[in-house]
Number of protein chains: 2
Amino acid sequence: MPELEFQNNRLMKVTLKQIAKQAGVDVSTVSRALTGGYGVHKATRDKVLGVAKTLNYYPNRIARGLVTGRSHTIGLLISDIRNPFFAEVARGAEDAAYNASFDMVLCNSDLESVKQMRYIRSLIEKNVDGILMNSVAGLDQQEQIELAEHGVPIVLLNRPMAPHPFSTVSADNYRGGFLAGQYLVDLGHRTIAHLTGPRTHGNLTERCKGFLAALESSRKKVTPIVIHGDHTQKGGHEMTKKLLVQRPEVTAIFAANDAVAFGVVRAILEAGLSIPDNISLVGFDNVELSGLIHPPLTTVNQPKYEMGRAAVEILLAQSNSPNGHPPEQRVFGVNLVERQSCRAL
Amino acid sequence: MPELEFQNNRLMKVTLKQIAKQAGVDVSTVSRALTGGYGVHKATRDKVLGVAKTLNYYPNRIARGLVTGRSHTIGLLISDIRNPFFAEVARGAEDAAYNASFDMVLCNSDLESVKQMRYIRSLIEKNVDGILMNSVAGLDQQEQIELAEHGVPIVLLNRPMAPHPFSTVSADNYRGGFLAGQYLVDLGHRTIAHLTGPRTHGNLTERCKGFLAALESSRKKVTPIVIHGDHTQKGGHEMTKKLLVQRPEVTAIFAANDAVAFGVVRAILEAGLSIPDNISLVGFDNVELSGLIHPPLTTVNQPKYEMGRAAVEILLAQSNSPNGHPPEQRVFGVNLVERQSCRAL
DNA sequence: CTGAAAGCGCTAACAG
DNA sequence: CTGTTAGCGCTTTCAG
């Protein structure tokens, strides 16, 4: 008959102490029996396990974390989980964390540096074993140094332009941009716009460079038009409207990501034009929706799920190595998914 | 000049003790100065704060949590964050958590009960202050009781069919189903299919009931066809293919959610048919994509973000009330968003 | 193999 | 206002 403890008529949480009392052994023995399993007689071990079960014992990981110094938790700091790209990355990351018995706390920063810093502080104060974040670009030099010196393992989802002490996981953005540019040039387009985000965004900058390189390396004369704006659907919509009046001769658009591409689609429909008849369009990311819109979007695929998973694996490896792993840079291949948003001229 | 402590040539974490030594006061004083602010002389307080700043002190919330018994963390247990519906809910929840200085750990269960129980255990062991989960349907009676007795506040994103001791936040699913059915009937449709998920899914069951009620309450004779399958895009695709061969007389489809509707769209295109010319289609959820596909989807909107936010607010209120709040049921209104996927007969 | 003792970093009475 | 004392629940030497 298990002896349940009450206080204020409310069920008390059962602790090692109570198990110890019930089993007639010391707390330390209970601890050993419950965790390692080694260095404890089978008989007492079984006894302890039995009592723990009847008492419906839940170990207090907070207490354990206090002594071991590890929380078995990682932080995921992204701009917005509603962006399907990040949802996919998050799922890969969370699956990897789950497999390693780690929890993952989700933080949406909207890329605001104040929020970012607050989240980072909070994560550190909770003693997370690592942080996966999409970029460190929002932080000033001072903050970056503070982060690096703190020593918590960090994996970035892009490759900052300045040298940095963090691990990174990214797609081959340059190659993706190149593929998109090359594809449109090969289709016969000679005036091609690239709609992208802020210049500070490392991944987007790489895509832009690759795109321009593809146009330049062509034997034909191809005119690039690069427009910077918000790398969101709304931004894509606005940039396209501007583009259509300023440079009506354009026949193809390379959007820096699929969200932008969706905005392009909307703007083009509103202008009474058609894809791909009047304008060919290539996106980037290959989010699930890109295959569902009309027309299905040709886009550069990056392995989002795998990137999330890899990032967490690196994080955990790093947090497990006692003397601090050196930062690791991992870049994933990309490929062009040809659908129906482009036509040959 | 701050005195930094080293061990093994590695920066030590700075603790209250070190601040205390540095400031020439006791740890408890430091604690008071840093937290409450009350009951401590301004001079000492400033002194302490100064030392803390130069030492770059990060409080250890784990240690604090051990003594206060609160972790300032909540769990979000959903089937899959890649489902845009949940991404939206998650964002609302996380924003509410952030505003209250709570962290949110993300768990993807895929509705597998083993995973669900493992996550729940893990969350409880981490001492979360509450759990927001989409359903408790995957757990058996025993597990539900254990959960309820444990006493951790729980908010569900649906209303289970059996009586239950948990708080819930949900949309008026019945009304949503009714609106969809009524809309199609008013458009003149007389053979309408409803493509839904498993019978155990409370929300979907409500939608189905509302739909059927609308058809029955019509003065016209309307034939409903209800098909159960996976409430995913894939499931929608399969159910539609089956429907099209078995009941070719159907002129309208009500999909239990937008994901299913996307599958319907795909299947209908593959069959060489067109929306809305041959088949009218209504979805449910109003996820962002639903307005972007072709044709833009008419769908029942539910306030996803607000639901996530409300759920967390209830959770926190509950975890703050000492004697245990009574469970609260909150249901949000829905509305039909008319776009271009339906036509009058 | 097991018990005793110390302590993780912090908060919370209780004196003074 | 501040220091002393205890202790949150657990792990981890160190003896025995």
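Visitor: Where do I start?

Guide: In this predicted model, local features need pLDDT of at least 70 and side-chain atom pairs count only at pLDDT 80 or more, while totals for chains, interfaces and linings use all residues. Residues are numbered from 1 along each chain as its sequence is written, and chains are lettered from A and ligands numbered from 1 in the order in which they are written.

Visitor: At what angle do helix 1 and helix 2 of chain B pack?

Guide: Two packed helices are described by the angle between their axes and the distance between the axes. Helices are DSSP runs (H or I, at least four residues), numbered from the N terminus. Axes are lines fitted to C-alpha atoms, for helices over the stretch in contact, and angles run from 0 to 180 degrees between N-to-C directions. Here, helix 1 (residues 16-23) and helix 2 (residues 27-34) of chain B pack at about 105°, their axes 8 Å apart. The two helices of chain B are therefore roughly perpendicular (65 to 115 degrees).

Visitor: Which residues come nearest to DNA strand C?

Guide: A residue is near a strand if its C-beta atom, placed from the backbone, lies within 6 Å of it. Of the 24 residues around DNA strand C, the nearest are A:His41, B:Thr15, B:Leu16, B:Ser28 and B:Ala63. Helix 4 of chain B gives the most to this surface, with five residues.

Visitor: How is chain A divided into domains?

Guide: Domain bounds come from an automatic or database domain assignment. For chain A, the assignment gives domain 1 (6-59), domain 2 (71-171 + 305-333) and domain 3 (173-302). The centres of domain 1 and domain 3 of chain A, taken over C-alpha atoms, are 62 Å apart.

How values were computed: Angles under 35 degrees count as roughly parallel, over 145 as roughly antiparallel, 65 to 115 as roughly perpendicular and the rest as oblique.
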